[in-house]
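This briefing is written to be read beside the sequence and the model.

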Amino acid sequence: MFLPRRIQTQYGRYSRVDDIPYALPVDSKGAPAMVAAFTVDARRAAALLPGNELHPLRLSRDRGVLLVSVIDYKQTDIGAYIEFSIALACTHGRRPAPPLLPLLFQKRFGLGQYVVDLPVNTEVSVKGGKGIWGMPKHLARLDFRVENGSVSSRYEEGGQQAVRVRIERPKLAWLPLRMAAVNYCAFRGMLMKSTIYFRGRFGFRLGKSAWGTLEVGDHPRVQVLRDLSISPRPFLTGFFPSSSGVLDDHFEAWFLTQPTLPPDTYPEGLESVVDLGQDQTPMPDPESDGAPPRVLQAVAPLPEEARP
């Protein structure tokens with residue numbers, strides 16, 4: 001895996017940050033992962049991006065990208081856990097980028113994803129991910145199922161169903177990938193940028209061959225998704241049977257700004273994590289036992305052979 005030289009020099013060293021011990025670099029091994037990409041209304045996506053420096057990645061003049069990624073971490077410094085990411089593909093800069101061009105010139109346009117919601121199923125993952133890197137992590141009930149024809153995950157919190165995603169499992173993970181991905185997150189009134197380097201063999205389906213479902217329930221955390229005009233089917237689905245990653249311990253942060261002085265309210269800050277412990281016990285699986293959310297935002301039926 002390609003890593004910046006600074007990270008390579010940290011092998012064999014240790015850190016303790018917010019009382020969480022880390023063996024450097026901060027990495028994971030053997031993690032299966034799935035991804036589904038849907039198109040959304042770009043103007044409505046722009047309204048969800050904080051500040052004035054993030055802009056939706058546009059596939060066309062009017063359509064942006066919603067990315068749903070779920071990783072079943074098997075081995076990390078903080079134990080095993082599941083992470084369910086809901087994000088908008090974005091660029092960073094003074095003005096919006098032309099459609100598609102950032103895919104070719106990623107660094108120039110600051111290509112990444114703005115993380116809208118990031119439930120995880122262990123307490124220590126919330127403490128580290130939010131307290132250190134500013135990621136919008138919170139505890140929820142999650143699962144990750146790899147079956148004969150499909151890969152799926154459910155997200156439930158407080159007895160309310162939030163999101164369920166399911167894709168057709170590619171027959172072969174043939175493409176070796178090594179790449180860096182950038183996350184943008186809002187925390188403490190700041191925009192925080194972090195980078196993960198990962199590798200694995202990737203199986204995917206693109207365009208009309210991509211089959212999957214995205215079901216949005218009635219939990220308040222995910223109601224913002226309803227305004228995005230999500231496409232009824234994904235344009236890309238993919239699966240890593242096993243992946244490895246390194247989360248860079250170097251990250252950037254700068255103030256979020258608004259046209260006028262913000263109201264006298266304090267955004268979510270360190271008080272949300274300072275009293276958290278380091279429990280690595282996963283939350284129980286969702287209680288719904290496979291039942292779909294009561295309200296469906298976007299649904300495209302899986303082919304017969306991919307249904308459980």
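In this predicted model, the buried residues of helix H4 are Val124, Ser125, Val126, Lys127, Gly128, Gly129, Lys130, Gly131, Ile132 and Trp133. Helix H4, which runs over residues 123-133, is therefore mostly covered, with ten of its eleven residues buried, that is, under 20% relative accessible area. After H4 comes Gly134, whose phi is positive, near 75°.

**A loop residue that touches the helix**

- Phe251 sits in the loop that lies between strand E17 (236-247) and strand E18 (252-255).
- Although Phe251 and Ile7 are 244 residues apart along the chain, their C-alpha atoms are separated by 12 Å.

**The chain as a whole**

- The chain holds four helices and 18 strands.
- Its radius of gyration is 19 Å, close to the 19 Å that the globule rule gives for 308 residues, so the chain is as compact as a globular protein of that length.
- The C-alpha trace spans about 50 × 45 × 40 Å along its principal axes, and 50% of the 308 residues count as buried.
- Among contacts in the chain with a separation of 6 or more, 74% are accounted for by residues 24 or more positions apart.

**Nonpolar cores**

- The largest nonpolar core has 36 residues, of which Leu66, Phe84, Tyr155, Val163 and Leu225 touch the most other members.
- Two or more residues of this core are given by each of strands E3 (26-41), E5 (63-73), E7 (81-92), E12 (150-157), E13 (160-168), E14 and E16 (212-216), and E7 gives the most, with five residues.
- Val163, with its neighbours within four places in sequence left aside, is in contact with Phe84, Ile86, Ser153, Arg154, Tyr155, Leu214, Glu215, Val222 and Leu225.

**Pocket and cavities**

- The second largest pocket holds about 410 Å³ of space, and of the 20 residues that line it, Tyr114, Val116, Pro136, Ala186 and Glu268 lie nearest its centre.
- The elements that give two or more residues to the lining of this pocket are strands E8 (112-120), E9 (137-139) and E14 (175-187), and the largest share, four residues, comes from E8.
- By class, the lining of the second largest pocket has eleven nonpolar, three polar and six charged residues.
- The count of cavities of 30 Å³ or more comes to two, and the second largest cavity has about 40 Å³ of space.
- The second largest cavity is lined by Pro50, Gly51, Asn52, Glu53, Leu54, Leu191, Trp254, Phe255, Leu256 and Thr257, a lining that divides into six nonpolar, three polar and one charged.

Definitions and conventions. Residues are numbered from 1 along each chain as its sequence is written. This is a predicted model: local features need pLDDT of at least 70, side-chain atom pairs count only at pLDDT 80 or more; totals for chains, interfaces and linings use all residues. Side-chain values use heavy atoms; hydrogens and water are left out. On a 1 Å grid over the protein atoms alone, a cavity is a set of points where a 1.4 Å probe fits but cannot get out, and a pocket is an open set with protein on both sides within 12 Å along at least five of seven lines; lining residues have an atom within 4 Å of a point. Grid points are joined across faces, edges and corners, and a volume is the space filled by probe spheres set on the points. Ala, Val, Leu, Ile, Met, Phe, Trp, Tyr, Cys and Pro count as nonpolar, Asp, Glu, Lys and Arg as charged, and the others, Gly among them, as polar. A nonpolar core is a set of buried Ala, Val, Leu, Ile, Met, Phe, Trp, Tyr and Cys residues joined through side-chain atoms within 4.5 Å. Buried means under 20% relative accessible area, exposed over 50%, partly exposed in between (1.4 Å probe, protein chains only). Contact means heavy atoms within 4.5 Å. The radius of gyration is taken over C-alpha atoms; the globule rule is 2.2 Å times the number of residues to the power 0.38.
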